Amino acid sequence: MTEVKSIWRAVADEPLPHELLLLGDENPALLAAYLPQSQIYLLGAPRTPIGVCVLQVRREESEIMNVAIAPEHQGQGLGRRLLQHVIGEARTQAPRKLLIKTGNSAIGQLALYQQLGFELEAVHYDYFLRQYPQPIWENGIRCKHQLVLALALHDVSPSFDFDLG
Ligand SMILES: CC(C)(COP(=O)(O)OP(=O)(O)OC[C@H]1O[C@@H](n2cnc3c(N)ncnc32)[C@H](O)[C@@H]1OP(=O)(O)O)[C@@H](O)C(=O)NCCC(=O)NCCS
């Protein structure tokens with residue numbers, strides 16, 4: 001089991017693990033578009049991160065744009081820990097809903113996200129055929145459709161209304 005040194009939010013100008021970011025999202029143009037408007041969380045030791053997670057906080061709903069663990073460290077619970085940390089960060093900053101999107105072929109990712117409480121909300125058919133020039137195959141399945149999963153961060157209950165007075 002890999003020992004997790006820490007999880008921290010990258011500061012401005014901190015070198016980012018681009019190889020890991022490209023592992024989580026193969027489209028460099030999309031990456032370049034969302035990184036400047038996102039919070040980047042790193043896992044590992046300073047200067048040698050082995051995990052990355054990108055969170056975009058928005059007014060209506062936030063989104064985990066990217067998550068990746070270095071291949072040699074996968075399958076040891078680190079992805080789950082990093083996501084749990086970022087969900088906690090989103091909960092303190094964000095509105096009611098947190099989104100994460102993936103492909104129809106991402107079997108392991110779908111298992112993990114649902115274990116963390118995310119539920120399927122929408123399907124964007126043929127998204128990966130339109131947005132990604134190279135065909136993507138995983139688990140012997142062509143990745144074609146984008147699945148949108150959502151996690152409720154704050155339940156609005158009668159007691160919440162009562163607290164507002
Ligand atoms: C997705 C990813 C971040 C998960 O990180 P990880 O450290 O490997 O995952 P964990 O060890 O925390 O696994 C947690 C759970 O995920 C699920 N899971 C992960 N990989 C799986 C696989 N290949 N098959 C089935 N389930 C899998 C399991 O449910 C697992 O729980 P379990 O160990 O109790 O069975 C990592 O595999 C990764 O970087 N993949 C490549 C990049 C990527 O696909 N990013 C997401 C883009 S949408």
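This is a predicted model: local features need pLDDT of at least 70, side-chain atom pairs count only at pLDDT 80 or more; totals for chains, interfaces and linings use all residues.
Q: Which residue in β2 stands opposite Ile-7?
A: Leu-43 stands opposite Ile-7.

Q: What is the strand order of the open sheet?
A: The order is β1-β2-β3-β4-β5-β9-β6. The sheet has seven strands, and the pairing is mixed.

Q: Why do β1 and β6 stand at the edges?
A: β1 (6–9) and β6 (119–124) each have a single partner strand, so one side of each lacks a neighbour in the sheet. On average, neighbouring strands of this sheet are turned by 25° against each other, direction ignored.

Q: How do you know that helix α3 packs on the sheet?
A: Helix α3 (residues 78–93) touches β1, β2, β3, β4, β5 and β9. A contact needs C-beta atoms within 7 Å. The direction of α3 makes about 40° with that of β3.

Q: Which residues are closest to the ligand?
A: The ligand is surrounded by 20 residues. The closest are Gln-74, Gly-79, Arg-80, Gly-108 and Leu-112. The elements giving two or more residues to this shell are α1 (18–24), β4, α3 and α4 (107–115).

Q: Which element gives the most to the shell around the ligand?
A: α4 does, with six residues.

Q: How many residues of the shell are nonpolar, polar and charged?
A: Nine are nonpolar, ten are polar and one is charged. Gly counts as polar here.

How values were computed
Residues are numbered from 1 along each chain as its sequence is written. Two strands pair if DSSP finds at least two bridges between them. Helices (H or I, at least four residues) and strands (E, at least two) are DSSP runs, numbered from the N terminus. Axes are lines fitted to C-alpha atoms, for helices over the stretch in contact, and angles run from 0 to 180 degrees between N-to-C directions. Two residues are in contact if their C-beta atoms, placed from the backbone, lie within 7 Å. A residue is near a molecule or strand if its C-beta atom, placed from the backbone, lies within 6 Å of it.
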